[in-house]
Amino acid sequence: MTAPTLPTASYAPFAPDASTASDATGGADRAAPAGTVDGSPGPRGGTARPGSPELLRSVFRRHAAGVAVITAESGGRPAGFTATSLNSVSAEPPLLSFTIGTGSSSWPAVRDCEYLGVHILGEHQQELAGLFARSGADRFGPGTGWAAGPHGVPLLDGVLAWLVCRVVARVPAGEHRVIIAEAVAGDPAGEGRPLLYHQGRFNALRD
């Protein structure tokens, strides 16, 4: 099954740092002038394109990312969304990060919560990933298995792994926020193989 494309509210990768380019004589690397494109041929004869939102989206469509669902409790009600921007930040202390758009329906819950849940989805959970990515869906309806976990955080059934995390920072980044959170509890022992997001669709891992 092919699930819908993730909304921009839950998918906001950052562009890599600007790389340096060698001069024609093979001397020391030099950075391209600010605000310009080097113009030299890229790998396999490609041509460098100016930085733009479409360029960033096009590049990251080639990047296979794991799929997670972030959950939080807001006013006694669960909230959550699908994210492909999850990253490990630090082992000591155990920090992770993800991004969320301030226009997302889940943003008020993430903005106001002290603790949230992070769930790593398996390849058997494409429908769940699509549900939590779909605007206006009843994400915690009768078809979704979940229960309140530590600190009252909504935890989903059947995932490969989950964490309950304490939010330590919400960093502005354009129309998004980078959420940095510290793991305080979790379980990595779920069974199955990971679900991936690539070229605008959910995919299974292939050996």
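Reader: How many bridges join E7 to E12?

Author: Strands of a sheet pair through backbone hydrogen bonds, either parallel or antiparallel. Strands (E, at least two residues) and helices (H or I, at least four) are DSSP runs numbered from the N terminus, and two strands pair if DSSP finds at least two bridges between them. Here seven bridges link E7 with E12, and the two run antiparallel. E6 is joined to E7 by three bridges, also antiparallel, with Ser 90 opposite Leu 95. A hairpin of four residues connects E6 to E7.

Reader: In what order do the seven strands of the open sheet lie?

Author: The order is E5-E4-E8-E11-E12-E7-E6, with antiparallel pairing. Strand E5 (77-83) and strand E6 (87-90) are at the edges with a single partner strand each, so one side of each has no neighbour in the sheet. From one strand to the next, the twist averages 35°. Seven bridges connect E4 (residues 68-74) with E5, and Val 69 is opposite Thr 82.

Reader: Which strands form the open sheet of three?

Author: That sheet has the order E3-E13-E14 and is antiparallel. Its edges are strand E3 (65-66) and strand E14 (201-204), each with a single partner strand, so one side of each is left without a neighbour in the sheet. Two bridges join E3 to E13 (residues 195-198), and Gly 66 is opposite Leu 196.

Reader: Which residues of E7 are on each side?

Author: In a regular strand the side chains alternate between the two faces of the sheet. Buried means under 20% relative accessible area, exposed over 50%, and partly exposed in between (1.4 Å probe, protein chains only). In E7, Leu 95, Ser 97, Thr 99 and Gly 101 are on one side and Leu 96, Phe 98 and Ile 100 on the other, all of them buried.

Reader: Which residues have the most contacts inside the largest nonpolar core?

Author: In soluble globular proteins, nonpolar side chains tend to be buried together. A nonpolar core is a set of buried Ala, Val, Leu, Ile, Met, Phe, Trp, Tyr and Cys residues joined through side-chain atoms within 4.5 Å. The largest has 18 residues, and those with the most contacts inside it are Ile 70, Phe 81, Phe 98, Val 110, Leu 116 and Ile 179. A second, separate core of 13 residues includes Leu 128 and Phe 132.

Reader: Is Ser 85 buried or exposed?

Author: Ser 85 is buried, with a relative accessible area of 9%. Ser 85 lies in the loop between E5 and E6. A polar atom of its side chain is 3.0 Å from the backbone nitrogen of Thr 99.

Reader: What average pLDDT does the protein chain have?

Author: The pLDDT is the predictor's confidence in each residue, from 0 to 100. The protein chain averages 83, and 79% of the residues score at least 70. Over residues 1-34 the pLDDT is below 50. Where pLDDT is low, the predicted coordinates should not be read in detail.

Conventions. Residues are numbered from 1 along each chain as its sequence is written. This is a predicted model: local features need pLDDT of at least 70, side-chain atom pairs count only at pLDDT 80 or more; totals for chains, interfaces and linings use all residues. Side-chain values use heavy atoms; hydrogens and water are left out. Axes are lines fitted to C-alpha atoms, for helices over the stretch in contact, and angles run from 0 to 180 degrees between N-to-C directions. A polar contact is a pair of N or O atoms within 3.5 Å; within protein, one must be able to donate a hydrogen and the other to accept it, and residues adjacent in sequence count only if both atoms are side-chain atoms. Contact means heavy atoms within 4.5 Å.
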